[in-house]
Amino acid sequence: EVVPATTTDEHDAVDFLKQRGLEPAFIRHADGSVIPARGMSQGKAVLLRSGQAGTALWEAVGHEVAHATGFDRGAPIDETMIGHAARRYAAKAGARRQAELAADPVEQRREGIAQIVGEFMSEPKFRYLVKQSAPSLWQRLRDGILKAVGKFTPKDEASRAALEMLRQTQG
């Protein structure tokens, strides 16, 4: 069932996604049990599992923005990095999803790129490693995220600090 955003993080995510022209909603099972997927997108609709917060929520938001905007279809990212990210994504997926990915290299690549974007948006250590090991990728990801973010400022202090760091390193 669709449920309203209740936390500051969830309201920030809704604001962020709406400013990108996307249609966000938070979902949960009517019986209160946990939905296995952290997020999914179909066209402009972005569905996020209710109850996520902090880095988990922002990783899911980044991941789904990559899908909903088509960034996952042609981003010029190192194939080795995509492969590692796709494996991290698959390790968190259920058996059925793992089998789907194993049978479809294009989908596996798309999930790898979306995983990179999600981690980049949510994990300071990941941003640092990318910046140190692949400076040109760092610049492309940073510029792509800043373009997507625009003037949005999250209320969450950690997300706000990460975004400010990206803006300060622009140029």
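Colleague: At what angle do the axes of helix α3 (residues 79-92) and helix α4 (residues 95-103) cross, and within what distance do they come?
Modeller: The axes come within 8 Å and cross at roughly 150°, where an axis is a line fitted to C-alpha atoms, for helices over the stretch in contact, and angles run from 0 to 180 degrees between N-to-C directions. This is a predicted model, in which local features need pLDDT of at least 70 and side-chain atom pairs count only at pLDDT 80 or more, while totals for chains, interfaces and linings use all residues. Residues are numbered from 1 along each chain as its sequence is written, and side-chain values use heavy atoms, with hydrogens and water left out.

Colleague: Why is α3 called roughly antiparallel to α4?
Modeller: Angles under 35 degrees count as roughly parallel, over 145 as roughly antiparallel, 65 to 115 as roughly perpendicular and the rest as oblique; the crossing is at roughly 150°, and that makes α3 roughly antiparallel to α4.

Colleague: Which residues make the contact between α3 and α4?
Modeller: Contact means heavy atoms within 4.5 Å, and here Tyr 89, Ala 90 and Ala 91 of α3 meet Arg 97, Gln 98 and Leu 101 of α4. These residues divide into four nonpolar, one polar and one charged, given that Ala, Val, Leu, Ile, Met, Phe, Trp, Tyr, Cys and Pro count as nonpolar, Asp, Glu, Lys and Arg as charged, and the others, Gly among them, as polar.

Colleague: What puts the buried residues of helix α6 on the same side?
Modeller: The buried residues of α6 (residues 124-133) are Phe 126, Arg 127 and Val 130. They cover an arc of only 100° around the axis, and so they lie on the same side of α6; the arc is that of the directions from the helix axis to the C-beta atoms. On the other side of α6, Pro 124, Lys 125, Tyr 128, Leu 129 and Ser 133 are exposed.

Colleague: What makes β1 and β3 stand at the edges of the sheet?
Modeller: The open sheet of four strands has the order β1-β2-β4-β3, with mixed pairing, and two strands pair if DSSP finds at least two bridges between them. β1 (2-3) and β3 (39-42) each have a single partner strand, so one side of each is left without a neighbour in the sheet. Helices (H or I, at least four residues) and strands (E, at least two) are DSSP runs, numbered from the N terminus.

Colleague: How do you know that β1 pairs with β2, and how many bridges join them?
Modeller: Two bridges join β1 to β2, which run antiparallel, and this meets the requirement of at least two. Val 2 stands opposite Ile 27 in β2. Five bridges join β2 to β4, which run parallel, with Ile 27 opposite Arg 49 in β4. Four bridges join β3 to β4 (residues 45-49), and these two strands run antiparallel.

How values were computed. Buried means under 20% relative accessible area, exposed over 50%, partly exposed in between (1.4 Å probe, protein chains only).
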